[in-house]
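This briefing goes through one protein structure, topic by topic. Keep the sequence and the 3D view open while reading.

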Amino acid sequence: MHCPYCRNTDTRVVDSRVAEDGSAIRRRRTCNAEDCGKRFTTVELMQLTVLKRSGATEPFNRDKAVRGVRKACHGRPVTEDELACLGQQVEDALRLSGAAEIPAHEVGLAILGPLRELDEVAYLRFASVYRAFESVDDFEAEIAMLRMEREAQPQPSG
């Protein structure tokens, strides 16, 4: 670890603490250079790996997940901030699973819930590709499920 102040490579860990959710470790460090001696903090995050259908693995990339959702949201009233929040929700859900290696289809499943809440039309677009809809019947079945879920939600009293 390089000291961010003097770039010295000789640093020492003074204190380590696990984050509340267990997904990161916070380390307090001090530089051992005689003319520096400053303290700084590092955070280590668990590396999520995506297992692709081909058997290859790659690090989880939140931006890549958001790119796929952005295509489904094209022309919809969805902001970049909302997409960023969705990306964070997906990553949080995957980290909370506790697995270090996530099958690619699990990433898609983690996207569907937050996207349905964000925009139903974008959700249908994404689901149609992700679930490989083959006919209008597939769309109709998904729309019927959305309607049933909406009707089952308690209505606000006013």
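In which sense do strand 1 and strand 2 pair, and over how many bridges? Strand 1 and strand 2 pair in the antiparallel sense, over seven bridges. The model is predicted: local features need pLDDT of at least 70, side-chain atom pairs count only at pLDDT 80 or more, and totals for chains, interfaces and linings use all residues. Residues are numbered from 1 along each chain as its sequence is written, and side-chain values use heavy atoms, with hydrogens and water left out.

- Strands of a sheet pair through backbone hydrogen bonds, either parallel or antiparallel.
- Here, two strands count as paired if DSSP finds at least two bridges between them; strands (E, at least two residues) and helices (H or I, at least four residues) are DSSP runs, numbered from the N terminus.
- Three strands make an open sheet with antiparallel pairing, in the order 1-2-3.
- Strand 1 (11-18) and strand 3 (39-45) are the edge strands, and each pairs on one side only.
- On average, neighbouring strands of this sheet are turned by 25 degrees against each other, direction ignored.
- Strand 2 (residues 24-31) is joined to strand 3 by seven bridges, and these two strands run antiparallel.
- Arg28 in strand 2 is the bridge partner of Asp15, and Arg28 also stands opposite Thr41 in strand 3.
- Ala24 stands opposite Leu45 in strand 3.

- Another open sheet has three strands in the order 5-4-6, and its pairing is mixed.
- Strand 5 (57-59) and strand 6 (101-103) stand at the edges with a single partner strand each, so one side of each has no neighbour in the sheet.
- From one strand to the next, the twist averages 30 degrees.
- Strand 4 (residues 49-51) and strand 5 run antiparallel and are joined by three bridges.
- Leu51 stands opposite Thr57 in strand 5.
- Helix 3 packs on the sheet and touches strand 4 and strand 6, where contact means heavy atoms within 4.5 Å.
- The direction of helix 3 makes about 75 degrees with that of strand 6; axes are lines fitted to C-alpha atoms, for helices over the stretch in contact, and angles between N-to-C directions run from 0 to 180 degrees.

**Nonpolar cores**

- A nonpolar core is a set of buried Ala, Val, Leu, Ile, Met, Phe, Trp, Tyr and Cys residues joined through side-chain atoms within 4.5 Å; buried means under 20% relative accessible area, exposed over 50%, and partly exposed in between (1.4 Å probe, protein chains only).
- The largest nonpolar core has 26 residues, of which Phe60, Val69, Leu94, Ile111 and Leu115 touch the most other members.
- Two or more residues of this core come from each of helix 1 (62-72), helix 2 (80-96), helix 3 (104-118) and helix 4.
- Leaving out residues up to four places away in sequence, Leu94 touches Leu48, Phe60, Ala99, Ile102, Glu106, Val107 and Ala110.
- Another core, of five residues, lies apart from the largest one and includes Cys3, Ala33, Cys36 and Phe40.

**Aromatic rings**

- Two aromatic pairs are found in the whole structure; rings of Phe, Tyr and Trp (its six-membered ring) pair if their centres lie within 6.5 Å, and planes under 30 degrees apart count as stacked, over 60 as edge-to-face and the rest as tilted.
- The pair of Phe126 and Tyr130 is stacked, because the ring centres are 6.1 Å apart and the planes are at 15 degrees.
- Phe126 and Tyr130 are four residues apart in helix 4 (residues 120-130), so about one helical turn separates them.
- Phe126 is buried, at 14% relative accessibility, whereas Tyr130 is partly exposed, at 25%.
- Phe133 and Phe139 form an edge-to-face pair, 5.0 Å centre to centre with 90 degrees between the planes.
- Phe133 is buried at 17% relative accessibility, and Phe139 is partly exposed at 32%.

**Charges over rings**

- A charge sits over a ring if NZ of Lys or CZ of Arg is within 6 Å of the ring centre and within 35 degrees of the ring normal.
- The charged end of Lys38 sits over the ring of Tyr5, 4.9 Å from the ring centre.
- Arg116 lies over the face of Tyr123, 5.4 Å from the ring centre.

**Positive phi values**

- Most residues other than glycine have a negative phi.
- Arg7, in the segment before strand 1, has a positive phi near 70 degrees and is exposed, with a relative accessible area of 54%.
- Ala132 has a positive phi of about 55 degrees and lies in the loop between helix 4 and helix 5 (136-152).
- Ala132 is partly exposed, with a relative accessible area of 46%.
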